[in-house]
Amino acid sequence: MTEEVGELSRAMRKGAKAQNINEIIGTVDEELYDVIYYALAIANIYDVDIEEVARVKSHITESKYPSDVKFEVGR
């Protein structure tokens, strides 16, 4: 996971964004997918309900840092 976050960071610093879906290798698109994939795999191993955690954590964050951006429910 740490390696994937590092790869995402490098891709972000380069501004490497896929021009089309067939050219994602080494881009923010690919590395973001990898980070999400590993995070969900870890959640699965630890039996974490990631949807519920997202709702709860979103509420906590909104309380600390009010924003007009809202987490969408039921999408």
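Read along the sequence, the chain follows the pattern α-α-α, with 3 helices and 0 strands. The model is predicted. Its mean pLDDT is 90, and 92% of the residues reach 70 or more. Confidence is lowest in α3, where the mean is 91, and highest in α2, where the mean is 96.

The overall dimensions were examined next. The radius of gyration of the chain is 15 Å, whereas a compact globule of 75 residues would have a value near 11 Å. Along the principal axes, the C-alpha atoms fill a box of roughly 35 × 35 × 25 Å. Of the 75 residues, 16% count as buried. The chain exposes about 6,400 Å², and carbon and sulfur atoms supply 57% of this area. Among contacts between residues at least 6 apart in sequence, 30% join residues at least 24 apart.

Helix α2 spans residues 28-45. The helix has 18 residues and reaches 26 Å from its first C-alpha to its last, close to the 26 Å expected at 1.5 Å a residue. The buried residues of α2 are E30, E31, D34, V35 and A43, and they pack against α1 and α3. Just after the helix, D47 takes a positive phi of about 55°.

A search of the whole structure finds 2 salt bridges. One of them joins D29 and K17, whose closest N and O atoms are 2.6 Å apart. This pair links distant parts of the chain: D29 belongs to α2, while K17 lies in the loop between α1 (2-14) and α2, and the partners are 12 residues apart. D29 is partly exposed, with a relative accessible area of 26%; the residue does not count as buried because that class requires a value under 20%.

The loop between α1 and α2 also holds I24. With a relative accessible area of 27%, I24 is partly exposed. Leaving aside residues up to four places away in sequence, I24 touches A18, D29 and E30.

An α-helix has 3.6 residues a turn, so residues three or four places apart point the same way. Both partners are partly exposed: the relative accessible area is 35% for R55 and 36% for E52.

Methods. Residues numbered from 1 in each chain as written. Predicted model: local features only at pLDDT ≥ 70, side-chain atom pairs only at ≥ 80, totals over all residues. Heavy atoms only, no water. Salt bridge = Lys/Arg side-chain N within 4 Å of Asp/Glu carboxyl O. Helix = DSSP H or I, 4+ residues; strand = E, 2+ residues; numbered from the N terminus. Buried < 20%, exposed > 50% of the residue type's maximum accessible area, 1.4 Å probe, protein only. pLDDT = per-residue confidence, 0-100. Expected span 1.5 Å × (residues − 1). Contact = heavy atoms within 4.5 Å. Rg over C-alpha atoms; globule rule 2.2 N^0.38 Å. Areas by Shrake-Rupley, 256 points an atom, 1.4 Å probe, with all protein chains shown as cover.
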